[in-house]
Amino acid sequence: MIDGSIPPSPLQLRSLPRARLQQFLSQLDARRLWGTYLRPLLVERSPGSPGNLRVRQFLERELRALGAGWHVELDGFSARTPRGTIPFANVVATLAPEAPRRLVLACHYDSKYFPPEEGPFLGASDSAVPCALLLELARALDPELRQAKEEGSPMTLQLLFLDGEEAFEEWSPTDSLYGARHLARRMEKTPHGPGASQLEAIELFVLLDLLGAPGLSIHSHFPRTASWFQRLVGIEKRLHRLGLLESHPREELYFQQGTPYGPVDDDHAPFLRRGVPVLHLIATPFPTVWHTPADTEENLDPPTVRNLSRILVVFLAECLGL
C-alpha cells in the first residue's frame, strides 16, 4: 500500500523542552559541518570514478569513527548503464541492527556525469550538502545515540548514502536510481525479525536532496506523511520564535505548508512503490544551479545549511525520543 495512514508512535509525539532543545543545538558544530564534512565531498564523483571511490571511503571512515558504534556495510553491485557496466556501492550505516523499527535518513553521494569539456560538476546542493548534514547530525547526537542503543530503544537510526541516483544520459526507469533500486530489492528480501523484512522495519524514510542553495522552499509531497512534515514546520517556527535561526525572516519558512506538491522522481521511489512511508525533503522548485557547473560551494547559502542542521537535529531527537 502506497498511501493511507499510520498512527504515530509515542516517540513521535514528544516535543523537547527548551533547555534540552538548546543542548542539542549546542552540540552542532558549523565549522565541522562545512570544513570536515562538506568540503571533502566537493569533487567529481560519478559512479565508477576515482572521486566516487574516495568519497565512499571517506563516508565509511567517518561513520566507523563515531563513538556510538555504527554497523557500516557496503551494498556493492554492478549494473548495465548507457556507458557500459559500472560498479556501484551504497553505504549503509545502522545504529542498532537488531532494533525492531528504523527511522531512515537517505541521500545520494554520486554526482552527475558530464563530459570533461562541460565540467567540472561538483554537485554541491546535489547532493554534497545532504551527505554532510547526515554526517553532522550523527556526530552531534553521538552521545545520545550511543545511550539509546545501549538502552535497547525500539526505534533506531539508519543512514543510507546511495550511489547512482543520477542518469548517465536521459532520465528513465533504467537509467537512474541504480543504488536505490538495488537496495530496495535487497531489503525487501532480507528478513528482519519474525515474518518481516528490513523494508517493513522502516517506520519513515526521509530523503534529502537539492539542499543548500539560497531561496530554499520544501513542500510536503505525500498525504501519508503530512503529519511528519507538519512536525518540521512546527520545529522551524519554534526555533525562529526563540531566535535560534540565523538570517531567517518569518515570512520565508523553508518548510512550506499547503496541499501536497506532488511526487518528484528520486531515490525514494523504489521504497515508496513497496509501501514505505516517505518524507521527501527536496527543494521545489529546483535550485537555479541544478545540473550546471555553477552548483558549487560558492553558490551555497551557509545560513540556510546551518539552519537546516538545527531543524533536523531537533526533528531527530524528538522522533527518536533522545
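P285 has its place in the loop that runs between strand β8 (278–282) and helix α9 (302–319). In this model, which is predicted, the peptide bond leading from T284 to P285 is cis, with an omega near 5°. The loop between β8 and α9 also holds H291, a residue that is not a glycine and yet has a positive phi of about 55°. Both features deserve a second look, since most residues other than glycine have a negative phi, and most peptide bonds are trans.

## The chain as a whole

The protein chain contains nine helices and eight strands. Its radius of gyration is 18 Å, which is close to the 20 Å that the globule rule gives for 322 residues, and so the chain is as compact as a globular protein of that length.

Of the 322 residues, 59% count as buried, while the chain exposes about 13100 Å², of which carbon and sulfur atoms supply 52%. If we take the contacts between residues at least 6 apart in sequence, 79% of them join residues that are at least 24 apart. As for charge, the chain carries 33 positive and 39 negative side chains, and the centres of these two sets lie 6 Å apart.

The pLDDT averages 93 over the protein chain, and 96% of the residues score at least 70. Over residues 1–12, however, the pLDDT is below 50, although this stretch has 24 contacts in the model beyond near neighbours in sequence. Where pLDDT is low, the predicted coordinates should not be read in detail.

## D126 and its surroundings

D126 is found in helix α4, which covers residues 124–140, and S127 lies in helix α4 as well. The peptide bond that joins D126 and S127 is cis, with an omega of about 0°.

Is D126 buried or exposed? With a relative accessibility of 2%, D126 counts as buried, because the cut-off for this term is under 20%. Once its neighbours within four places in sequence are left aside, D126 is in contact with R45, H108, D110, F121, E166, D209, L210, W290, H291 and D295. The distance from D126 to L160, taken from C-alpha to C-alpha, is 15 Å, and the two residues are 34 apart in sequence.

## L210, a contact of D126

L210, which is one of the residues in contact with D126, has its place in the loop between β5 (202–209) and β6. L210 is not a glycine, but its phi is positive, at about 55°. The relative accessible area of L210 is 2%, and therefore this residue is buried.

Which loop holds T225? T225 is found in the loop between β6 (218–219) and α7 (226–241). T225 has a relative accessible area of 2%, so it too is buried. When its neighbours within four places in sequence are left aside, the residues in contact with T225 are L204, P277, V278 and L279.

Conventions. Residues are numbered from 1 along each chain as its sequence is written. This is a predicted model: local features need pLDDT of at least 70, side-chain atom pairs count only at pLDDT 80 or more; totals for chains, interfaces and linings use all residues. Side-chain values use heavy atoms; hydrogens and water are left out. Helices (H or I, at least four residues) and strands (E, at least two) are DSSP runs, numbered from the N terminus. Buried means under 20% relative accessible area, exposed over 50%, partly exposed in between (1.4 Å probe, protein chains only). Contact means heavy atoms within 4.5 Å. pLDDT is the predictor's confidence in each residue, from 0 to 100. The radius of gyration is taken over C-alpha atoms; the globule rule is 2.2 Å times the number of residues to the power 0.38. Accessible areas come from the Shrake-Rupley method with a 1.4 Å probe; for residues, only the protein chains shown count as cover. Lys and Arg count as positive and Asp and Glu as negative; His and the chain ends are not counted. The place of a charge is taken as NZ of Lys, CZ of Arg, CG of Asp or CD of Glu.
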